[in-house]
Amino acid sequence: MDWEAYFLPQSLEEALAILEEKQRAARILAGGTDLVLQQRRARNKAKMLVDISRIPGLSQIVKEDDLIHIGAMCTHSDAANSTLLNQYLPALSCACSQIGSPQIRNMGTLVGNIVSAQPGADAALALHAFETSVTIAAYAGTRQMSLPDIYAGLGLCCVDSTRELITRITVKIPGKRMVNAFERLSTRGTLTLPVVNTGVCLELHDDDSVASSRIAVGPVSPKPFRAVKAESFLVGKKMNAEVFQQAADMAARESQPRDSLLRGSRDFRRSMVSVIVRRALQRSADMRLTYEG
Amino acid sequence: MRVYTTIGQSVTKVDGREKVTGRTVYAGDEVFPDLLYVKVARSDRPHAEILEIDLSSAKNIPGVVGVWTAHDLPGANATGTRIKDESVLCSKRVRRVGDPVVLIAAKSLRAANSAKESVSIGYRDLPAVFDPEEALRPEAPRIHESGNLLFEKKMIKGDVEAALSKCAYVITNTYRTQRIEHSYLEPEAGTAYMDGKKLTVKLPTKHAHFEQDELAKILGLDRKDIRVICAPIGGYFGDKQGLSPGYYAAIVTRLTGFPAQMVYERRESFEVSTKRHPYIIQMTTGADKEGHLEAVKVDILVDTGAYASYGPSIIGRGVVHAVGPYRVKNIHVKGRLVYTNNPVCGSMRGFGVPQVAIACESQMDLLAEAVGKDPFEIRRINCLQAGEENASGQTLKASVGLTECLGEVERIQESLPPHPREIDPQYLTGWGLAIIYYGIGLTGLPNPGVAQMSVEPGEKVQLCVGVGDGGQGAFTTLLQIASENLGLSQGDFNLLSADTLTTPNSGTSTASRITYVVGRAVTEACHHLAGQVGKKVAANWGVMDLVFEDGHYHCGVRKISFREAVDTLVNEKLLAEGIFDPPTTPTDKETGLGSPYATYAFAAHAAQVSVDRETGQVNVLRIIASHDVGKMIHPVHVYGQVQGGAMMGLGYGLLENVIVKKGRILNPGFRAYLIPSSMEVPEFHISVVECPEPTGPYGAKGVGEPSLLPTAPAIHNAVARATGQYLFDNPVAMEDVWRALS
């Protein structure tokens, strides 16, 4: 691994100024768990790296009214151990606790998980179960984008790390009662890619019927996938095992997993979507009890 | 019972502190100011004729010192541990992806890598064969002149067909096993340099003296002009002997005079190193109506890949062990070893036996079910006892602790409380049992262990053995044996190991033989040394009858310690050599019968698994392991071997699979090749049975390979008990279990 220059900016402005000055020869480095591997392998390596770990305030997780903000340097370990996330977004903290290994979780960031744009990336997938947006800072100014929109294709993100960076992730907490959960199936207990994974979030009326639902499934298409038919099926229904099973089966039918050497055959993976979606729905419903208590 | 001072004690590992503090210098850590970095450009074709090799651009890269092909080699271009069918560099033809073609040396690793990328090799593809059954057809492309059937081995006893026709139960199934990778932490590495006129090579190896002979031919040098030093071994699990980075580094040093180093990248290690052989096993088991085994018939077809490596020896051991540790009068086992254009398979912990153990133990459980006996009972009524004859017709005279192992496993299993998953509706659970035996030492071959010792006044006792320590604790164990014999402690010795200049040839570190064979040689050397010192004592005391006991010479009330005797009564350097060659007979060429091993280790494992009803995911919850090791020299090492072996067996049974398509490995790295992690470690219950082996040092046998053998078969049986479905392919993959359940 080699580079011509390594920058440690002390402020966001300084970081953006470096990107601007280096005219796409420099690239943002946060946790580095993906970037370091890319530097080793890729032909178009970044000549210069801009390490944002010294910029103050980027690893915070804060709640502001019905919004939760997650900073650009927030690691998977930070998220997994956050009481705020465990309370409001257990699907996200659970997903983060299952990524890679302890070493990877201590270094890798949630924002990096989005920027790498893999359809099965656990943290990013869990974020798809919520109304999530990101704040993107560039030399020219700042803009907001909703999460699904920043995926340009398999492994492709609209955010260009040689020109701009995501400063924070913002998740909107629904106004009504909300429950959410994450499920993952993998062949080994740690350090392995998911066969399939899912994040689900249900917004509930007072009578426990579903007001709105989100079901994100990965990796079953080039981008993180939302099982919209299953989602709309759930709306207005009372939560019970039979309803969950029907929704899970619908989600499986909507999903388009491929035959994969490592993850398994298409048939198997599609069946597994049904299993994990049902389990995630059931677990969210079970959580409602403790949530209310 | 005899009380020992160090035998049976878990003394500090002699090389432990160095390793955990990161001070151990492995072969790839050696530093020289003028070191050359070595790379090999390899074939990307499974079978092809080499038309042209263009080295011009590689040679022009700054920092590149040399780029060589087969024509530049200084000596023989043929190598192999059993048959010399491999080229050091291929000149005309490549037979697998990864065959070496061009050797490169440069002043920097980067230059060496660039040169490797710049080498251009023109090929004409040849028809290739990737399936062992297809390889045996007459129209199949010939991979070597001799034909694709490399080796055939049989074991025949009684009349199997006649016996099967009378059996109340006959069970036939076909089992398939996969290739797996050793996955040692340290990839293959080697450093070579000139030490005066001696070309010296440091590399991790199972057998330094073999490497010296092999390198002499390849380098075109007299063996006395080559010194091979076994560097600290960062794991080997049966691999690390024969053509490897140390060889290429040595060639570069021979051609340039400069020190040279090569370390395989992980991907290269995956692609080039040998794998555990995939087997196709058809097994027929016949029993009477009470379940007593009457006849076993086995047909084993083995894909060895493009080269023989250890294949013939592995199939030899596989055939001998195919019937398992059972009393069977009528046996017909046939094993065939076939060349293909697949990756090369070779020596791996278990050496041809893990595969047959899966088939054999599944058959025993199926028989138990058919007869209506439990898995313990069916094994108890059939397993070998002392004084009985095994499959190869050898009478096992002593140290047969199998029934005790079975008893221990049953006792522990009954004592355990129910596992929480047993009442969780999401899971099916079940216990599975498997037993094995394993011959210690090479199969039907002389394999002497040699140890040399010397002592002089005021100096430490020097112990020289020709073997390295693969992490299992060989050095510590051998020093314990020497310490106990002479009444000394670890610090009183200076150990020299696996160096062709300073140590004798003690044979290879394989077949779980170090403790038993080399350990016994150490005992012999100690006896000779103690005898020589004893003569000085007797002369000094003017006595005839002297007793050496507990590290002291005694005569009546007079008493002097070994150390004191050396320091006060010896005025010269005394040398002693101990040799132990385990008594074996070669197996008969036609029938395969004989006494191939002097002693056998025995083991029983039970595995409790949970199976997710909906996903087919198998988790091993508990493993109970009982091993008859003869005598534990170092309990912590034995327990470590049992746990490590069982985890390797768990990986074999559930996870690991080198996926090969058209001769190419599709998962050459740890991202896609999954070995068990700490999350897969189950609850362990280990019980060691000590049934002393009269010819072993303090009664010891071996445990290195036996430790992994019963685990995968026990998992198979547990999954079958949990799900009601037998899976005949290894590993038991989640998707296969799901299919069986749905």
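A salt bridge is a side-chain nitrogen of Lys or Arg within 4 Å of a carboxyl oxygen of Asp or Glu. In this predicted model, B:Arg45 and B:Asp125 form such a pair, with their closest N and O atoms 3.2 Å apart. The pair counts because 3.2 Å falls within the 4 Å limit. It links distant parts of the chain. B:Arg45 sits in the loop between β1 (36–42) and β2 of chain B, while B:Asp125 belongs to strand β6 of chain B. The two residues are 80 residues apart. Side chains of opposite charge can pair when their charged atoms come close. Over all chains, the count comes to 47 salt bridges.

Strand β6 of chain B also takes part in an open sheet. This sheet has 3 strands, in the order β4-β2-β6 of chain B. The pairing is antiparallel. Two strands lie at the edges: β4 (93–94) and β6 (120–125) of chain B, each pairing on one side only. Strand β2 of chain B covers residues 48–54 and is joined to β4(B) by 2 bridges. Here B:Ala48 stands opposite B:Val94 in β4(B). Strands of a sheet pair through backbone hydrogen bonds, either parallel or antiparallel.

Strand β6 (residues 131–138) of chain A pairs with strand β7 (residues 141–146) of chain A over 6 bridges. The two strands form a hairpin, with 2 residues between β6(A) and β7(A). Within this pairing, A:Ile136 has A:Arg143 of β7(A) as its bridge partner.

The next level is the domain. Chain B is assigned three domains: domain 1 (27–126 + 188–263), domain 2 (279–443 + 587–741) and domain 3 (448–580). Domain 1 and domain 2 of chain B have C-alpha centres 37 Å apart. Their contact takes 18 residues from domain 1 of chain B and 18 residues from domain 2 of chain B. About 1600 Å² is buried between these two domains of chain B, and 50% of that area is on carbon and sulfur atoms. On the side of domain 1 of chain B, the residues that lose the most area to domain 2 of chain B are B:Arg82, B:Asp85 and B:Phe237. Together they account for 34% of what that side buries.

How many salt bridges are counted between domain 1 of chain B and domain 2 of chain B? The count is 0. Polar contacts are present, however: 12 residue pairs, both at pLDDT 80 or more, are counted between these domains of chain B. By class, the side of domain 1 of chain B that touches domain 2 of chain B has 9 charged, 5 nonpolar and 4 polar residues.

The contact between the two chains takes 22 residues from chain B and 21 residues from chain A. The area buried between chain B and chain A is about 1800 Å². Carbon and sulfur atoms give 59% of it. Between chain B and chain A, 3 salt bridges are counted. One of them joins A:Arg278 to B:Glu614, with the closest N and O atoms 2.5 Å apart. Across this interface of chain B and chain A, 8 residue pairs are in polar contact, both residues being at pLDDT 80 or more. Helix α18 (residues 734–741) of chain B gives the most to the side of chain B that touches chain A, with 4 residues. That side of chain B divides into 11 nonpolar, 4 polar and 7 charged residues.

Conventions
Residues numbered from 1 in each chain as written. Chains lettered and ligands numbered in written order. Predicted model: local features only at pLDDT ≥ 70, side-chain atom pairs only at ≥ 80, totals over all residues. Heavy atoms only, no water. Domains from an automatic or database assignment. Contact = heavy atoms within 4.5 Å. Buried area = accessible area lost by both parts, 1.4 Å probe. Polar contact = N/O pair within 3.5 Å; in protein donor to acceptor, adjacent residues only side chain to side chain. Nonpolar A, V, L, I, M, F, W, Y, C, P; charged D, E, K, R; others polar. Pairing = 2+ DSSP bridges.
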